[in-house]
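Here is a walk through one protein model. Keep the sequence and the 3D view side by side as you read.

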Amino acid sequence: MAGIHGRRHRARGVRAGAGTAVAASALLLLGACSGGADGAGAEIELERGGSGMVPAVEPPGPEGFGSETVEGITIDVPEGWGVQNQGGTLCVSPPGQADCAYGSVQLTPHAAENHPQEWPLKGDAHSKEGGWADDTDRCRSLNTAASGDIGIKDAELRVSDFTEHADTLKSHHSVWNVTCANDDTFEVRMWFLPTSDVLLYVWSADSQHSAVYDQIAASMDTTEYRS
């Protein structure tokens with residue numbers, strides 16, 4: 001995945017020293033370029049090119065991220081993370097982890113439409129205490145997820161709010177803390193757009209990637225999917 005080539009530099013204003021004609025001229029020129037001598041015009045962003053300062057070009061994504069798309073939905077993906085497409089779900093998995101499992105982020109278009117129980121839309125499961133999964137009987141902690149035979153003791157809906165994405169849509173954002181029968185714990189994260197029926201889901205979160213999950217969620221753009 002390609003990273004960013006070059007960094008943008010924000011143009012800074014020029015201060016006029018007392019009696020300095022050059023600085024005063026610079027202020028007049030900057031005022032003219034930004035919409036008038038009163039300085040009320042829009043801020044100009046510049047980046048340094050081979051021959052000086054040129055208008056900035058918007059980069060494709062934050063440094064260290066590329067982008068992946070499924071059915072017109074685009075998200076930023078960290079460099080070095082694995083990418084899989086399983087049954088219409090785009091999975092991005094941290095280095096060293098199994099595909100679409102612990103620590104992974106799953107992006108599913110038409111999530112409820114294609115689910116037998118219409119999860120997580122039906123009954124507003126996406127914002128309910130027990131809505132963290134369609135099957136809430138199995139532990140997903142790092143130590144027990146592979147065995148599949150450890151049950152669940154309790155689940156707490158710790159966060160229930162909204163997240164604004166790159167396309168300005170706001171999703172229902174939920175975070176659950178789940179306790180297993182053996183007292184292991186794990187965290188589940190979800191961002192769900194009920195009208196668009198798009199689900200961004202962290203099956204079992206790895207705490208060291210907490211900020212990465214937020215970045216991926218913020219980057220989600222469903223513009224092409226909805227057009």
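## A guided tour of the fold

Of the 227 residues in this protein, 38% are buried. The model is predicted. Its secondary structure comes to 3 helices and 12 strands. The protein exposes about 12,500 Å². Now take contacts between residues at least 6 apart in sequence: 49% of them join residues at least 24 apart.

A disulfide is a covalent bond between the sulfur atoms of two cysteines. How many does the structure hold? There are 2 disulfides. Number the bonded cysteines in sequence order, and the pairing reads 1-2, 3-4.

Where do Cys139 and Cys180 lie? Cys139 sits in the loop between β8 (105–109) and β9, while Cys180 belongs to strand β10. The pair therefore ties together parts that are 41 residues apart in sequence. The torsion about the S-S bond of Cys139 and Cys180 is about 70 degrees, so this disulfide is right-handed. Is Cys139 buried or exposed? Cys139 is buried, because its relative accessible area is 4%. Cys180 is also buried, at 0% relative accessibility.

Go back to Cys91 for a moment. Cys91 is one of the residues in contact with Gly82, once neighbours within four places in sequence are left aside. Val92 and Ser93 are in contact with Gly82 too. Gly82 is found in strand β6, which covers residues 82–86. Gly82 and Ser93 are 11 residues apart in sequence, yet their C-alpha atoms are 4.9 Å apart in space. Gly82 has 26% relative accessibility, so it counts as partly exposed.

Next come the charged pairs. Side chains of opposite charge can pair when their charged atoms come close. The count here comes to 5 salt bridges. One of them joins Lys153 and Asp183, whose closest N and O atoms are 2.4 Å apart. This pair links distant parts of the chain, 30 residues apart. Lys153 is in strand β9, and Asp183 is in the loop between β10 (170–180) and β11 (185–193).

The side chains of Arg158 and Glu187 meet at 2.6 Å, N to O. Arg158 lies in strand β9 and Glu187 in strand β11, so the pair ties together parts that are 29 residues apart in sequence. How does burial compare across the pair? Arg158 counts as partly exposed because its relative accessibility is 43%. Glu187, at 17% relative accessibility, counts as buried.

A further salt bridge connects the side chains of Arg226 and Asp167, at 3.8 Å from N to O. Arg226 lies in helix α3 (residues 223–226) and Asp167 in the loop between β9 and β10, so parts 59 residues apart in sequence are tied together. Arg226 counts as partly exposed, at 41% relative accessibility. Asp167 counts as buried, at 10%.

The last stop is Thr163. Thr163 is found in strand β9, which covers residues 152–164. Thr163 counts as buried because its relative accessibility is 16%, and the label buried means under 20%. Which residues does Thr163 contact, leaving aside its neighbours within four places in sequence? They are Leu169, Lys170, Ser171, His173 and Trp191. With Trp191 there is also a polar contact: the side chains of Thr163 and Trp191 are joined at 3.3 Å.

Start at Lys153, which pairs with Asp183. Move on to Arg158, which pairs with Glu187. Finish at Thr163 and its polar contact with Trp191.

Conventions: Residues are numbered from 1 along each chain as its sequence is written. This is a predicted model: local features need pLDDT of at least 70, side-chain atom pairs count only at pLDDT 80 or more; totals for chains, interfaces and linings use all residues. Side-chain values use heavy atoms; hydrogens and water are left out. Helices (H or I, at least four residues) and strands (E, at least two) are DSSP runs, numbered from the N terminus. Buried means under 20% relative accessible area, exposed over 50%, partly exposed in between (1.4 Å probe, protein chains only). Contact means heavy atoms within 4.5 Å. Accessible areas come from the Shrake-Rupley method with a 1.4 Å probe; for residues, only the protein chains shown count as cover. A polar contact is a pair of N or O atoms within 3.5 Å; within protein, one must be able to donate a hydrogen and the other to accept it, and residues adjacent in sequence count only if both atoms are side-chain atoms. A salt bridge is a side-chain nitrogen of Lys or Arg within 4 Å of a carboxyl oxygen of Asp or Glu. A disulfide is a pair of cysteine sulfur atoms within 2.5 Å.
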